[in-house]
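Here's a quick briefing for anyone meeting this structure for the first time. Have a look at it, then read on.

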Amino acid sequence: MKIGYIRTSTMDQNLDRQKQIMKDNNIELLFSEQESRKDTNRPILNEMLNSIRANDEIVIASLDRLSRDYKDLKDIIQIIKNKGATLTIVDAPFLNFNTGNSTLDTAM
C-alpha cells in the first residue's frame, strides 16, 4: 500500500501543495496533521507508523515533514525499515533508502 504523510507546523499553513504531491503519487492512504511539536509525540505520525505493514511504501513530500531533529528522523526511518516498508522522499530522490542492498540502505 502507498501511504502518504503530510504535515504543517501551524493551522495557518496550507497543506494544498503536499496534498497535490500525494495525489500525483497515487497515495492510497493519507495521514495529515498540523502539529508544531519538535519531537515525535504527534498523534497522527504515530497512527501512521502503527499502520505500516511489510511492503508498504511511505511517501513524504520532504524529509522535514517527518522531523527536523536528526535523532528523531533516524528513529522514524528505522521504524519504517523495521516494519519492512520503504520510504520515498518526493523532493529528494537522491535520498533513496530503497536500494535493495541492505548494507547500502543502512548507510543511507
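What follows is a short tour, from the overall layout down to a few single residues.

This is a predicted model, where local features need pLDDT of at least 70 and side-chain atom pairs count only at pLDDT 80 or more, while totals for chains, interfaces and linings use all residues. Residues are numbered from 1 along each chain as its sequence is written, and side-chain values use heavy atoms, with hydrogens and water left out. The protein has four helices and four strands; helices (H or I, at least four residues) and strands (E, at least two) are DSSP runs, numbered from the N terminus.

**Overall layout**

- The protein has 108 residues, and 36% of them count as buried. Buried means under 20% relative accessible area, exposed means over 50%, and partly exposed is in between, with a 1.4 Å probe and protein chains only.
- Take the contacts (heavy atoms within 4.5 Å) with a separation of 6 or more: 64% of them come from residues 24 or more positions apart.

**The sheet**

- The four strands form an open sheet in the order S2-S1-S3-S4, with parallel pairing. Two strands pair if DSSP finds at least two bridges between them.
- S2 and S4 are the edge strands, each pairing on one side only.
- From one strand to the next, the twist averages 20°. For angles like this, axes are lines fitted to C-alpha atoms (for helices, over the stretch in contact), and values run from 0 to 180 degrees between N-to-C directions.
- H2 packs on the sheet and touches S1, S2 and S3, with its direction at about 160° to that of S2.
- S1 and S3 run parallel and are joined by four bridges; isoleucine 3 has isoleucine 58 in S3 as its bridge partner.
- S3 and S4 also pair in the parallel sense, over four bridges. Here isoleucine 58 has leucine 87 in S4 as its bridge partner, and isoleucine 60 has isoleucine 89 in S4.

- Which residues of H1 are buried? In this helix, residues 16-24, they are Gln18, Ile21 and Met22.
- These three cover an arc of only 100° around the axis, so they sit on the same side of H1. The arc is that of the directions from the helix axis to the C-beta atoms.
- What do the buried residues of H1 pack against? They pack against strands S1 (2-8), S2 (29-34) and S3 (57-60).

**Nonpolar cores**

- The largest nonpolar core has 18 residues, and those with the most contacts inside it are Met48, Ile58, Leu66, Ile80 and Leu87. A nonpolar core is a set of buried Ala, Val, Leu, Ile, Met, Phe, Trp, Tyr and Cys residues joined through side-chain atoms within 4.5 Å.
- At least two residues of this core come from each of S1, H2 (43-51), S3, H3 (70-82) and S4 (86-89).
- H3 gives the largest share, four residues.
- Leaving aside neighbours within four places in sequence, methionine 48 is in contact with Ile3, Tyr5, Phe31, Ile58 and Leu66.
- Apart from this core lies another one, of seven residues, among them Ile6, Leu15, Ile27 and Ala61.

**Loop residues worth a look**

- Serine 9 is in the loop between S1 and H1, and with a relative accessible area of 18% it is buried.
- The serine 9 side chain makes a polar contact with that of arginine 7, at 3.5 Å. A polar contact is a pair of N or O atoms within 3.5 Å; within protein, one must be able to donate a hydrogen and the other to accept it, and residues adjacent in sequence count only if both atoms are side-chain atoms.
- Beyond its neighbours within four places in sequence, serine 9 is in contact with Glu35, Ser36, Arg65 and Arg68.
- Asparagine 26, in the loop between H1 and S2, has a positive phi of about 55° although it is not a glycine. Asparagine 26 is exposed, with a relative accessible area of 57%.
- Asparagine 55, in the loop between H2 and S3, also has a positive phi, near 75°. At 69% relative accessibility, asparagine 55 counts as exposed.
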